[in-house]
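Here is a short report on one structure.

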There are 2 protein chains.
Amino acid sequence: MPHCGTHGTATRAAAIALASLASLLMTQAVRADHPAAATIAAVQIAGAGNGHGAPACAACHGANGEGNSVLDAPRIAALPASYAERQLENFADGRRASSIMMPIAKDLLPAERTAIAEFYARKTTVPSTVADAPASNLGPQLALRGRWTQELPACTQCHGRGGVGVDEAFPALAGQPAAYLENQLRAWQSGTRDPGPQGLMAGIANKLSATDVRAVAQYFSDLPHDLAEARQSPAARGAVNEPPSDSRGAAPPVADRRTVAPPPAAGHMRESGQGAFTPPDESNLPAAEFGNMVRLGEQIFVDPRHTAAGFVGNALNCSSCHLDAGRKADSAPLWAAYVAYPEYRAKNHRVNTFEERLQGCFEFSMNGKAPPLGDPVLVALESYAYWLASGAPISRTLPGRGYPKLPKPAVAADYARGKLVYEQHCALCHGAGGAGRQARDGSMAFPALWGDGSFNWGAGMAGIANAAAFIEANMPLSQPTTLTPQEAWDVARYMDSHERPQDPRFIESVGATRAKFHDTPDSMYGVAVDGHVLGSGSTQPGGFLRTRRPGAGHDT
Amino acid sequence: MPHCGTHGTATRAAAIALASLASLLMTQAVRADHPAAATIAAVQIAGAGNGHGAPACAACHGANGEGNSVLDAPRIAALPASYAERQLENFADGRRASSIMMPIAKDLLPAERTAIAEFYARKTTVPSTVADAPASNLGPQLALRGRWTQELPACTQCHGRGGVGVDEAFPALAGQPAAYLENQLRAWQSGTRDPGPQGLMAGIANKLSATDVRAVAQYFSDLPHDLAEARQSPAARGAVNEPPSDSRGAAPPVADRRTVAPPPAAGHMRESGQGAFTPPDESNLPAAEFGNMVRLGEQIFVDPRHTAAGFVGNALNCSSCHLDAGRKADSAPLWAAYVAYPEYRAKNHRVNTFEERLQGCFEFSMNGKAPPLGDPVLVALESYAYWLASGAPISRTLPGRGYPKLPKPAVAADYARGKLVYEQHCALCHGAGGAGRQARDGSMAFPALWGDGSFNWGAGMAGIANAAAFIEANMPLSQPTTLTPQEAWDVARYMDSHERPQDPRFIESVGATRAKFHDTPDSMYGVAVDGHVLGSGSTQPGGFLRTRRPGAGHDT
């Protein structure tokens, strides 16, 4: 698959010539429809073309599919097979416009497309060809944070940490030539590339300016595609929030917050719009000890599994439910929560401090273990929330707090209707089985919505009303409020009608636990669905669900 | 001492007649100048007059000095002897104007005045004659909280909890006839009563309106004078902050702070003045669980010895250094501190949450033991601070935070000059020996400034600059900023040049401890004063100072 930009015609001619030498054998092998034969055929096509029109892939995409930045030919190594195959189909029928790739794709038989897509998908150890490039703020900002005022999620939210790619629908961006990435975004803008699943990429590209496109393309082209390199790279790990380097202009040290005026661009109440509070900008994060604690808090918030190991029992992040790293209004933003504690909570019948509230997240949403009060994990998270709330008034219910409450639906929420909504709008990211999706480096890209890897029965999201409110206001990413309230209620009921880890407050039996903690129509705990009582664990042999986690406390 | 209002002339004539019967014997006994003889003489004067002009005290003040509200004659039982004697002198020479008491006082020989004052001072078990009276808000507010916008401390701040009286300079107010109390305040206003020690009462009376005078007089006249009764009485214990009773109009219950709008009269930033934040009014304290936690926090703040027993090692209150129960600007107000945490502190080299900061107060200022994080004592105090900060912006340095920093003095702070300042301006309340003063019921009225009952060497107030700043801005009560900055520095140095309990972070030796924690000109720890190295404990046999408290942690 050469890119859709300019090609060296001489190079192409040479490739076609080479390819013709082995055409007969290859055609026969592919037609034999045997895996080994298909592999041999793919090797031949990649290295020498298919002998009946399509040139060698390697001619433009490199010997191992590593791409060629001079030719603007993208990296195709390790691209998910189904994704690559679909692109070849789209090139062939014009849904993805490319004057270079259209004739080549047309010259490939369907079986050849499959074989070549699978051949490159297995090339997972191909090294990167990353060039040094000047850093800019806009690229990492869009790639790692997004621009949520436009409902623009971070690129890495779907394409995985470091842009390494997630399953089939979200190809790797890291290490792709910048011109290639730019061209794709422009193709979505101009409608010359299929809008993609659920129209996500067309919608996203249309929110980007020409400057955005250049910055984000440059950013990902500078990242290592290679996973080992990505793991070493602070930029690929999502370190948008590192202390400012010299190249960006060093922030003045904040030695003593008692005597130093607060940073000028800290949060403020919006004059217009929804009246939501705007937390301070990353660039105003103070240096020195307090700033480091805030930074640690943010790192924990977006990646607790690696920064708060021992306290989390699943692969969710805090930012899975608190979008934009806890900044987004109507997505339970940290700044609104911070000013509301200490607060009495009926959940545990006492006044909770903010740290105690955080403990509840670990215990239930993270299906883990509450860090002890005063633990650096809690202090860091509290410091981060405090900083995000800079300038917000204490004890006020800020607009945008929590999730905007959805009125009860006209028709009672329904499992079957919810299942349809799920398949149409949710499964692409969260998987047909609700188990979420991992990025190519093993990091969790999309959270598990049920099953062993999800939040447990004690979590707020296991309440249907809460889940419906979150979904309606925030899902799918970049397309919030596109589901009707009824659809949100239906899909929330569907999600919460699946098994998940036991409520750590479990007592005696599911019935007793329901009576004590879940005695509301809002909870499916203890309710039978298809003959299985939810909360009783998996009915499968060797089922994954524990009835009770050993050593778990009854409450936080 | 009948009051200075109207008297029943018939009653007085009868008393004079009675008194004449025993005049000879009495006069002789007093002249014998013998304690027992003086007592006998006092009994005679009290019951029958002195036989040479002065009528029986009992005629107007009651058989046991309990007072007579019909005659507006004040209670004189248990009045400190020196106070009562001084009043008789002032009546006699007109410094305290009373047409009734002047001739009577003049008719008493100096030795008779002494005897009668001592006689009534011993009458400590005389029951109260308290009548039911309608409650009002203004009276308890002034009596128990003061009105600090006018630098008007609570009456009970000097006259003791429940107005039971403190040592010699601050007589009991509880159970005195309202008209008597009103008349005294008016006498100070009009200058017909000596302004009292340091002019305190004249200054205070002049800040009161006619309505204030009536309300506060009524409030104290309704309180039991008897200590046992006072201990049973919520009003006498200072319960200004109880949930509103029906008579005051019940506050609407605040069931769920998430959905209920904040109380309308919560704190706001002042438009004018010093720009200090005004915390919400007591009357807006929410009902239900959260409000109860706030109330508990306030109770702990003003009386930790009884509400946080086990965590405090002296008789100080939080409100000893944070005036107006943590509300007063420039007196380390809670609302300004609350919005400033989490914060990095050089004192323990890490980011401290607000709860951790509170722990430090217990460890050092209260010379006690830090409650564990999450302990109800800390949660209640944090809730109280949070509530006081209602509406204040997070992470802003609010005007009035801490104590206003005093520039270094022109002349180095000096012990000898400080001693003079102390004797003139501080000893009245804190005692010549710095040990503070107790109210008649044993509660601490004025905090100990040094010695075993004071804060320890690790407390912020043991730093001279901090102490000077507090003193200049807040001391003496009702007369802040009357000391020059130089006087404040001098007296702070004097105060901090006395022994006090060991720093709980003590290591190895005073020298090593100074090197690690006190290596600054601001600390007298480890410095020799009059040959005694401060921090090394008392040089007296059986000295009260421990070198190190057993089990004390090194830091909070």
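The notes below take the interface first, then the helix pair.

This is a predicted model: local features need pLDDT of at least 70, side-chain atom pairs count only at pLDDT 80 or more, and totals for chains, interfaces and linings use all residues. Residues are numbered from 1 along each chain as its sequence is written, chains are lettered from A and ligands numbered from 1 in the order written, and side-chain values use heavy atoms, without hydrogens and water.

**Interface of chain A and chain B**

| Item | Value |
|---|---|
| Residues in contact (heavy atoms within 4.5 Å) | 37 residues of chain A, 37 residues of chain B |
| Buried area (accessible area, 1.4 Å probe, lost on being put together, summed over both) | about 3300 Å² |
| Share of buried area on carbon and sulfur atoms | 56% |
| Salt bridges (Lys or Arg side-chain nitrogen within 4 Å of an Asp or Glu carboxyl oxygen) | 0 salt bridges |

On the side of chain A that touches chain B, the elements giving two or more residues are helix H14 (288-302), strand S3 (343-345), helix H19 (354-365) and helix H20 (376-388). Helices here are DSSP runs (H or I) of at least four residues, and strands are E runs of at least two. H20(A) gives the most, with 4 residues.

**Helix pair in chain A**

Helix H21 (residues 415-425) and helix H24 (residues 485-495) of chain A have axes that come within 7 Å and cross at roughly 100°. The axes are lines fitted to C-alpha atoms over the stretch in contact, with angles from 0 to 180 degrees between N-to-C directions. H21(A) and H24(A) are therefore roughly perpendicular (65 to 115 degrees). Among the residues that meet are A:Tyr415 and A:Arg417 in H21(A), and A:Asp490 and A:Tyr494 in H24(A).

Note on methods. Angles under 35 degrees count as roughly parallel, over 145 as roughly antiparallel, 65 to 115 as roughly perpendicular and the rest as oblique. Buried area is the accessible area (1.4 Å probe) that two parts lose on being put together, summed over both.
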